[in-house]
Amino acid sequence: MPELPDVETFRRYLSATSLHKKIKAVNILSPEILEQISVPQLKEGLKGKYFETTLRHGKYLCVLLDSSKCLVMHFGMTGFLKYFMKAEKEPPHERLLISFTNRYHLAYDCQRKLGKITLVDDFNQFIQDKNLGPDALSSDLDFNTFKEAIIQRRASIKAVLMNQKVIAGVGNIYSDEILFQAQIHPKIPGEQLGDKQLRRLFLVLEKVLETAIDHQANPEKFPQSYITRHRGSKGKCPKCKRQLKKTKISGRTAYYCANCQKI
Ligand SMILES: [Zn+2]
C-alpha cells in the first residue's frame, strides 16, 4: 500500500514527466474513484490546462494546475502512475488517463479501486477538511509536537503512528520499520513511552522515510538491516536472526522481533 515514500516517489515521477504539457483529453475509466466531483467537472477542470507543480502531504499527492486548481490523488492499496506513449506500454488497470498534446499519456492505475481522485481550489483547505496531522517529513513536525501528539494516546504506538490525524504519511509497512529501527515494541501504548524512546523514535521516523525515498520506496533496495526486506511468515530478524513475530494491530498485520523490541 502506498505510504509517504511511495507517494513521494510518484510525485517526483510526475514532476519529471508531466509538467508544462498541455492536456488534450481526459478519460475517466472508473468514475467510482472520483470523490466529490463529477466526470464532466473533472474533464472540464483538466482539459486544455497544464500541470505546473507538485506538492505532497502524507499519502496525498497534489498537482497544481495553471488554473490554480489542484488535482489531488490518493493511491489506496494498489495505486501508481505511468507516463507512456505507445499503447502497448499502457498499464492494465488504468482508472484515469490524461493525454497530452505531445502524444504522451499519464495513467493513474489502481487495481483494487480504493484510491481517490478529486479537484480542489485549495490543497491546504483539503488537508484541514480531512483533519490530517502534520506531514511526517515536514518542518511543522518538530520534536515537541511529535511528543505531545504521542504521549496523550492510550492506543499502541503502532496504531498511533498509522493514525493519519496524528502524523500524515506512515502506514503499516513503515510503522513496522520505524519501530524496529527504534527498538520499540509495536504494542506499547503511546502514553507509556519515555523521553529517550520518543527522541529515538522521532529521529528514526525521519531517517527511515528518507532512506526509503532515496531507494524509490523499493524494499529490495533497502539496507539489509531493514525489517521490511524480511517481512513474511518465514522472516528472520536482520539483527539477531531470530524468527520474526506477527500480530494484528488496528486490523493490520505487524511484524516485529520480540528479542530486539521488548515490551
Ligand atoms: Zn532481533
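In which strand does His57 lie?

His57 lies in strand β2, residues 51-57; helices (H or I, at least four residues) and strands (E, at least two) are DSSP runs, numbered from the N terminus. This is a predicted model, in which local features need pLDDT of at least 70, side-chain atom pairs count only at pLDDT 80 or more, and totals for chains, interfaces and linings use all residues. Residues are numbered from 1 along each chain as its sequence is written, and side-chain values use heavy atoms, with hydrogens and water left out.

**Exercise 1. The surroundings of His57**

Task: decide whether His57 is buried or exposed, and list what His57 touches.

Solution. Step one is the accessibility. Buried means under 20% relative accessible area, exposed over 50%, and partly exposed in between (1.4 Å probe, protein chains only). His57 has a relative accessible area of 13% and is therefore buried. Step two is the contacts, where contact means heavy atoms within 4.5 Å. Not counting residues up to four places away in sequence, His57 touches Phe123, Ile127, Leu132, Gly133, Pro134, Asp135 and Ala168.

**Exercise 2. The zinc site**

Task: identify the residues that coordinate the zinc ion, and assign the geometry of the four donor atoms.

Solution. Start with the donors, which are N, O and S atoms within 2.8 Å of the metal (3.2 Å for Na, K and Ca); water is not among the atoms, so sites may look incomplete. The SG atoms of Cys237, Cys240, Cys257 and Cys260 coordinate the zinc ion at 2.2 to 2.4 Å. Along the chain, these donors follow the spacing C-x2-C-x16-C-x2-C. Cys237 sits in the loop between α7 (195-214) and β9 (245-249), and Cys260 in the segment after β10 (252-256), so this pair ties together parts that are 23 residues apart in sequence.

Next, take the angles. Four donors count as tetrahedral if all angles lie between 85 and 135 degrees. The angles subtended by the four donor atoms around the zinc ion are 101 to 114 degrees, which makes the arrangement tetrahedral. For four tetrahedral donors, the ideal angle is 109.5 degrees.

Last, check accessibility at the two ends of the pair. Cys237 is buried because its relative accessibility is 1%. Cys260, with a relative accessible area of 14%, is buried as well.

**Exercise 3. Helix α6**

Task: describe the packing of α6 on α7, and explain why α6 counts as largely enclosed.

Solution. First, the packing. Helix α6 (residues 172-182) and α7 pack at about 125 degrees, with their axes 9 Å apart. The two helices are therefore oblique to each other, and the crossing of α6 and α7 is right-handed. Among the α6 residues that meet α7 are Tyr174, Ile178 and Ala182.

Second, the burial. Of the 11 residues of α6, 10 are buried, so the helix is largely enclosed by the rest of the structure. The buried residues of α6 pack against α1, α5 (157-162), α7 and β10.

Third, the end of the helix. Just after α6, Gln183 takes a positive phi of about 55 degrees. Gln183 is in the loop between α6 and α7, and counts as partly exposed because its relative accessibility is 39%.

Key: Four donors count as tetrahedral if all angles lie between 85 and 135 degrees; four count as square planar and six as octahedral if opposite donors are over 155 degrees apart and all others between 65 and 115; anything else is irregular. Axes are lines fitted to C-alpha atoms, for helices over the stretch in contact, and angles run from 0 to 180 degrees between N-to-C directions. Angles under 35 degrees count as roughly parallel, over 145 as roughly antiparallel, 65 to 115 as roughly perpendicular and the rest as oblique. A crossing is left-handed if the near helix is turned anticlockwise from the far one by less than a right angle, and right-handed if clockwise.
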